[in-house]
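User: Could you take a close look at one part of this model for me? I'd like to hear about the salt bridges and then whatever surrounds them.

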Amino acid sequence: MMTSVDTELIRVLGDPLRFQIVTLLARETLCASHLVEETGARQTNLSNHLKVLREAGVVETEPCGRFTYYKLRPDVIAQLAGQFADLAESARNAAENKRACP
């Protein structure tokens, strides 16, 4: 049973704007202009966050003419959810274990 969680992915998703971007992309594939409009973030700030999400493997790009669309990779989110589920199961089992103090 796996009990560790991908801490780098947690760090990436821990940023409020990046989490908002992921939430929006969970609903639909969007271009940067849509994300600027939805989040209110400045284009340069948004581009930096999208770069971090791409490098972490959370989102992928899809060129469409002169625009680039961003879509969420659900497998990455599902893998993280599975890691948390394993961690919760481990915690349930650990409730029975108590280490004696020296």
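Analyst: Let's start with arginine 11, which is partly exposed because its relative accessible area is 47%, between the 20% and 50% cut-offs. Keep in mind that this is a predicted model. The side chain of arginine 11 meets that of glutamate 8 in a salt bridge, 2.6 Å from N to O. Both residues belong to helix α1 and sit three residues apart, about one turn of the helix. Glutamate 8 is partly exposed too, at 43% relative accessibility.

Helix α1, residues 7–13, also holds isoleucine 10, a partly exposed residue at 33%. Together with Phe84 and Leu87, Ile10 makes a nonpolar surface patch of about 230 Å².

How many salt bridges are there by this rule? The count is six. Another of them links arginine 73 and aspartate 75, whose closest N and O atoms are 2.9 Å apart. Arginine 73 is partly exposed at 27%, and aspartate 75 is partly exposed at 44%.

Then there's helix α5 (residues 74–94), where glutamate 89 and arginine 92 lie three residues apart, about one turn of the helix. Their salt bridge has its closest N and O atoms 3.0 Å apart. Glutamate 89 is partly exposed, with a relative accessible area of 32%, whereas arginine 92 counts as exposed at 53%.

Strand β3 (residues 67–72) is joined to β1 by two bridges, and leucine 30 stands opposite tyrosine 70 in β3.

One more stop: histidine 49, in helix α4 (residues 43–55). Is histidine 49 buried or exposed? Its relative accessible area is 11%, so histidine 49 is buried, the cut-off being under 20%. Leaving aside neighbours within four places in sequence, histidine 49 is in contact with Asp15, Leu17, Arg18 and Ile21.

Notes:
Residues numbered from 1 in each chain as written. Predicted model: local features only at pLDDT ≥ 70, side-chain atom pairs only at ≥ 80, totals over all residues. Heavy atoms only, no water. Patch = residues over 30% accessible without salt bridge, like charges linked within 9 Å, V, L, I, M, F, W, Y side chains within 5 Å. Areas by Shrake-Rupley, 256 points an atom, 1.4 Å probe, with all protein chains shown as cover. Salt bridge = Lys/Arg side-chain N within 4 Å of Asp/Glu carboxyl O. Helix = DSSP H or I, 4+ residues; strand = E, 2+ residues; numbered from the N terminus. Buried < 20%, exposed > 50% of the residue type's maximum accessible area, 1.4 Å probe, protein only. Pairing = 2+ DSSP bridges. Contact = heavy atoms within 4.5 Å.
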